[in-house]
Amino acid sequence: MTSPMFEKIALVGIGLIGSSLARVIRREGLARHVAIATRSPTTLARAKELGLGESYNTDAKEAVRDADLIIVSVPVGSSGEVAQEIAPALKKGAILTDVGSTKASVIAQMQPYVPDGVHFIPGHPLAGTEKSGPDAGFAELFENRWCIFTPLPDTDPAALEKLSEFWRRCGSNIDTMDPQHHDMTLAIVSHLPHIIAYNIVGTADDLQSVTKSEVIKYSASGFRDFTRLAASDPTMWRDVCLHNKDAILEMLARFSEDLASLQRAIRWGDGEKLFDLFTRTRAVRRSIIEAGQDIDVPDFGRQAVEHPKGS
């Protein structure tokens, strides 16, 4: 066996991402000691029952003490508060990173509290499901998914490479971006789809002429897939909207303009325009499959996932 990359890794937050990291760290032998911190005694007790780490603490400052790698996995609105809390216990030479879906805001919140000698490298693994909590994690979550770093101008190249190698061993592909570019990109590929999903499901829930039982009973695959996105953690997505609002509002404006154009095409019976749009968007789906970011099987692989052989 290869030696661990880190003596001690501290996971601050043990939801879907944190618990998945705990599992893959153990599977790959990436650390001798995994310290888990969460403010919820109930969540901490469950993480202990699952055996996700070697030590457990509701005090994040104690968890990060002597850690070589600290991964903050909390809603982005809490990033600054966590950074302030753990800063006095961070050792010189440690790598501090996060998994937040917004980067400019996280940097603004966390950077002022990072002590000299600590390598702060903001990160974002583009992986997840609609489920949350320590039971939701699984070691394969990051396989063939992208982890994006938004390093600061003075980031130490050796620390960045070590963190990159850690994520590669977790199964991820690696890329780097400017924080503002990251936030604009994620606004269209992640944040806007979730907002649209929340809105569509909310509209269905508000309909007076269609009962909730009918919405549930007759859900076609399109609406059903929207409900999956709309089932994501409310706290996390509230914070994403509040902390990436400029990029999200810009994408919402563009979407609204395109939606108005689509509305006109439907109203005026412009079949050629509708066909051209649907052909173009279908090609995007095929490109995603070719890039290995989804699978080309019936029902998007849902049956294989929900009803594996032998179950």
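Domain bounds, as used below, come from an automatic or database domain assignment, and the model they are applied to is a predicted one.

**Exercise 1.** State which domains the assignment gives for the protein chain, and describe how they are placed relative to each other.

*Solution.* The assignment divides the chain into domain 1, covering 6–177, and domain 2, covering 181–290. Taking the centres over C-alpha atoms, one finds domain 1 and domain 2 separated by 30 Å. With contact meaning heavy atoms within 4.5 Å, 17 residues of domain 1 touch 16 residues of domain 2.

**Exercise 2.** Compare the span of helix α12 with its expected value, and say what follows the helix.

*Solution.* Helix α12 runs over residues 271–290 and has 20 residues. From its first C-alpha to its last it reaches 29 Å, which is close to the 28 Å expected at 1.5 Å a residue. After α12 comes G292, with a positive phi near 80°.

**Exercise 3.** Characterise the second largest pocket by its volume and its lining.

*Solution.* The pocket holds about 210 Å³ of space. Its lining includes Q111, H119, F120 and D156, and the lining residues divide into five nonpolar, four polar and three charged.

**Exercise 4.** Identify where pLDDT stays under 50.

*Solution.* The mean pLDDT of the chain is 89, and 91% of its residues reach 70 or more. Over residues 303–311, however, pLDDT stays under 50, and the model has one contact beyond four places in sequence for these residues.

Key: Residues are numbered from 1 along each chain as its sequence is written. This is a predicted model: local features need pLDDT of at least 70, side-chain atom pairs count only at pLDDT 80 or more; totals for chains, interfaces and linings use all residues. Side-chain values use heavy atoms; hydrogens and water are left out. On a 1 Å grid over the protein atoms alone, a cavity is a set of points where a 1.4 Å probe fits but cannot get out, and a pocket is an open set with protein on both sides within 12 Å along at least five of seven lines; lining residues have an atom within 4 Å of a point. Grid points are joined across faces, edges and corners, and a volume is the space filled by probe spheres set on the points. Ala, Val, Leu, Ile, Met, Phe, Trp, Tyr, Cys and Pro count as nonpolar, Asp, Glu, Lys and Arg as charged, and the others, Gly among them, as polar. pLDDT is the predictor's confidence in each residue, from 0 to 100. Helices (H or I, at least four residues) and strands (E, at least two) are DSSP runs, numbered from the N terminus. The expected span of a helix is 1.5 Å times one less than its number of residues.
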